[in-house]
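Here are some friendly notes to read alongside the model. Please keep the structure open as you go through the points.

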Amino acid sequence: MKFLINNQIKEKEKVPCSPTDSPPNSPSKSQPTFVWTGDLLDVATTSQKSKKSLDDSTSFYKCLLRKSFNPSKFKLIKAQLLNDDKKIVEYATQLLENYPNSYAIRYIRADAYRTLMEYKKAKIDLDLAVSQKPKKQEAICFRGVMQCFLRNFDEALNDLNKAIHMEKNDGYAYKWRAYCYYKLHRYDQALEDINKTIDNGVAADVFAYIIRADINRELKNYEEGKADIKKALKFKLNKVDKANIICNHGIINMRAKCYNEAIEDFTQALKLQPNNAIVLQNRSSVYRTLKKLDESLEDLEKACLIDPNSTHQYGVRGALYMEMKKWNDAMKNLNLAIKHHPDNVPSYSNRGELLVKLRKYDEAYLDIKKALEIDPQHMVSLQQMTDVCRRIGNYSEALSMANKSLTIYPNNINTLLLRSEIYYHQNLFQEALKDLDNAIKLSPKISTSYCCRSEVYCKLKNYDLALADINKALSIRDSNPFAYEIRGNIYRKLGKYSEALNDFNKSLELQPFDQNSDDQIERSNSGYDEGYVLIFKMQGERNFANFYARRGATLFASNRYEEALSDLNQALKLQSEHLLSFKKRACVYQKMGKLDLALNDINKFLELREKYSKIGRKSDSTAGIRIRDCIIKGD
């Protein structure tokens with residue numbers, strides 16, 4: 001929200017929100033969601049002047065002039081006529097030495113302090129003015145406005161309620177009470193008050209329409225909000241004001257997921273004011289949502305040049321570099337973000353996510369723990385802690401975190417999927433299915449839950465239901481590479497190797513592996529990640545190691561040993577402790593007569609199986625022992 005003042009808008013440093021958080025439950029960061037929006041109270045507008053008119057104050061001083069001569073009286077009147085607020089304060093202060101109990105002088109000086117943005121001093125004067133004349137509605141109302149400027153919204157409401165009780169039709173008081181309700185997230189009451197302001201007519205200025213636009217935005221009344229912005233643009237505005245109002249229109253389009261329209265708005269605003277860092281930050285956010293990462297980074301870098309002292313840029317830039325898979329740059333910026341803002345939850349959350357991508361789980365755990373110490377109910381951090389504990393095999397803590405998260409956010413599908421996978425690893429398949437059933441009930445038109453449920457059915461060898469679910473997922477989105485991988489694996493289990501290979505190849509065609517850019521190459525290869533195929537998508541990843549292992553196993557079953565060996569080598573290059581790949585490559589080497597290599601691989605498989613069984617991973621060693629016996633015998 002922007003607050004227009006003397007036809008000038010003072011830009012304030014904006015703090016980006018977190019990717020999953022979207023207000024009140026941010027689509028996150030999901031939308032990641034970095035939205036910069038101004039605050040109404042940066043400065044005050046000419047339309048927000050105190051209600052005491054210049055004529056009233058001038059008449060007051062004419063009365064004083066008849067009683068005694070004091071040069072400061074003339075100077076004060078002149079300063080008012082010239083709108084010289086510093087001089088008004090100077091001469092009013094001189095007069096108060098002689099007239100310390102003057103209500104009018106206190107009020108006039110408070111108004112000057114308000115224009116000079118010295119809100120605490122304005123409030124002190126108004127406190128004295130109200131104590132001198134407690135039945136003066138205008139001073140009580142004005143003090144309520146100053147409380148808004150000081151962000152004391154409960155105190156502001158108290159004064160504004162009194163002012164409205166004293167004067168039922170005061171549109172000015174309704175307007176500021178609407179703002180208080182807005183800041184307190186009481187949007188329905190805010191809308192009711194601002195409608196009264198606009199219906200009143202007298203106080204229906206550009207500020208009123210901007211307030212109503214922002215209230216409508218929070219109520220998801222996007223079309224009404226955009227209509228209010230258009231009404232605000234009909235007022236006489238300079239380029240700076242117009243640019244900021246158009247930026248607000250873009251923010252509404254962004255929240256409404258009208259991303260191309262938002263880009264047009266921000267571009268139009270930048271034509272009017274090319275050096276507006278806030279507009280550049282917003283356009284960067286939309287480009288990031290549209291996966292136009294180069295354009296996003298370009299806008300963000302321009303914003304940093306305009307406002308180089310904005311330390312909040314580090315967190316946003318770190319998150320963007322992470323999405324671009326520039327790990328070193330991401331870590332550098334996130335470290336700086338935490339250095340400058342050690343209590344900023346999104347920075348710890350983003351660095352924790354980066355460390356997870358780099359398979360540095362112990363460090364990730366500490367960052368996410370810190371985020372939860374600052375905000376124990378931070379939705380994204382609760383999910384991340386669940387995921388990290390799941391990855392390191394600490395299923396007890398993972399389940400505890402998932403349950404805590406679902407107590408606070410019972411309809412969070414991502415957490416339901418994570419808890420389902422925890423049950424899956426513990427062989428609690430019915431509990432896993434219950435969570436997936438609930439996820440499907442919450443969002444029946446999203447393919448993710450069908451994909452995960454298909455994997456559970458496949459594990460239970462209920463292939464008909466597995467195929468039904470995965471085909472349902474593909475009917476929702478037929479270009480889903482993860483769904484084709486899952487169906488390929490089902491066909492592999494059914495011995496339908498031709499159909500399996502077709503699906504695996506289709507999956508790779510839709511999302512090819514690029515050795516030069518894929519993040520799997522640059523991260524630590526140690527560690528053993530397993531789970532639903534779609535869980536990796538939640539983290540912006542794809543487990544290509546699993547993919548190549550499964551296709552390699554299918555090629556092996558089709559007697560295509562050289563191709564199988566190539567896929568299994570690729571899987572182990574991506575993940576050096578991938579169990580399935582060692583077991584299947586041992587079988588390939590055995591068929592190719594390379595028994596020493598086969599024995600090495602199967603021994604490595606059995607060694608890793610023992611290692612991961614100690615931390616809760618489920619893996620049956622019977623098949624591995626049988627394969628080793630066959631290799632030793634030379635069968």
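Is N480 buried or exposed? With 1% relative accessibility, N480 counts as buried, where buried means under 20% relative accessible area, exposed means over 50% and partly exposed lies in between (1.4 Å probe, protein chains only).

1. A word on the model. This is a predicted model, in which local features need pLDDT of at least 70 and side-chain atom pairs count only at pLDDT 80 or more, while totals for chains, interfaces and linings use all residues. Residues are numbered from 1 along each chain as its sequence is written, and side-chain values use heavy atoms, with hydrogens and water left out.

2. The chain as a whole. You will find 33 helices and zero strands in the chain; helices (H or I, at least four residues) and strands (E, at least two) are DSSP runs, numbered from the N terminus. The chain has 635 residues, and 57% of them count as buried.

3. Setting aside neighbours within four places in sequence, N480 is in contact with S447, C451, L474 and L510, contact meaning heavy atoms within 4.5 Å.

4. S296, a buried serine. S296 lies in helix α15 (residues 293–306). Its relative accessibility is 1%, so S296 counts as buried. Residues up to four places away in sequence are not counted here, and S296 touches S284, Y287, R288 and L320.

5. Helices α9 and α10. Two packed helices are described by the angle between their axes and the distance between the axes. Helix α9 (residues 187–200) packs with α10 at an angle of about 155°, their axes being 10 Å apart. The axes are lines fitted to C-alpha atoms, for helices over the stretch in contact, and angles run from 0 to 180 degrees between N-to-C directions. That angle makes α9 roughly antiparallel to α10; angles over 145 degrees count as roughly antiparallel, under 35 as roughly parallel, 65 to 115 as roughly perpendicular and the rest as oblique. On the α9 side, the contact is made by Y187, A190, L191, I194, N195, T197 and I198, and on the α10 side by A208, Y209, I211, R212, I215, N216 and E218. These residues divide into nine nonpolar, three polar and two charged. Ala, Val, Leu, Ile, Met, Phe, Trp, Tyr, Cys and Pro count as nonpolar, Asp, Glu, Lys and Arg as charged, and the others, Gly among them, as polar.

6. Helices α30 and α31. What angle do α30 and α31 make where they pack? Helix α30 (residues 561–574) and helix α31 (residues 579–591) pack at about 150°, with axes 10 Å apart. They are therefore roughly antiparallel to each other. Residues of α30 in the contact include Y561, A564 and L565, and those of α31 include S581, F582 and K584. The contact as a whole divides into nine nonpolar, two polar and three charged residues.

7. Helices α12 and α14. The axes of helix α12 (residues 239–255) and helix α14 (residues 277–289) come within 11 Å and cross at roughly 20°. That makes α12 roughly parallel to α14. C247, I251 and M254 of α12 make the contact with V279, N282, S285 and V286 of α14. Five of the contact residues are nonpolar, two are polar and none is charged.

8. Two lysines worth a look. K220 is in the loop between α10 (206–218) and α11 (222–232), and K325 is in the loop between α16 (313–323) and α17 (327–340). Phi of K220 is near 65°, a positive value in a residue other than glycine; phi of K325 is also near 65°. K220 counts as exposed at 59% relative accessibility, whereas K325 counts as partly exposed at 29%.

9. L595 lies in helix α32 (residues 595–613) and is partly exposed, with a relative accessible area of 32%. The C-alpha atoms of L595 and I632 are separated by 8.0 Å, although the two residues are 37 apart along the chain. Leaving aside neighbours within four places in sequence, L595 is in contact with Q590, I631 and G634.
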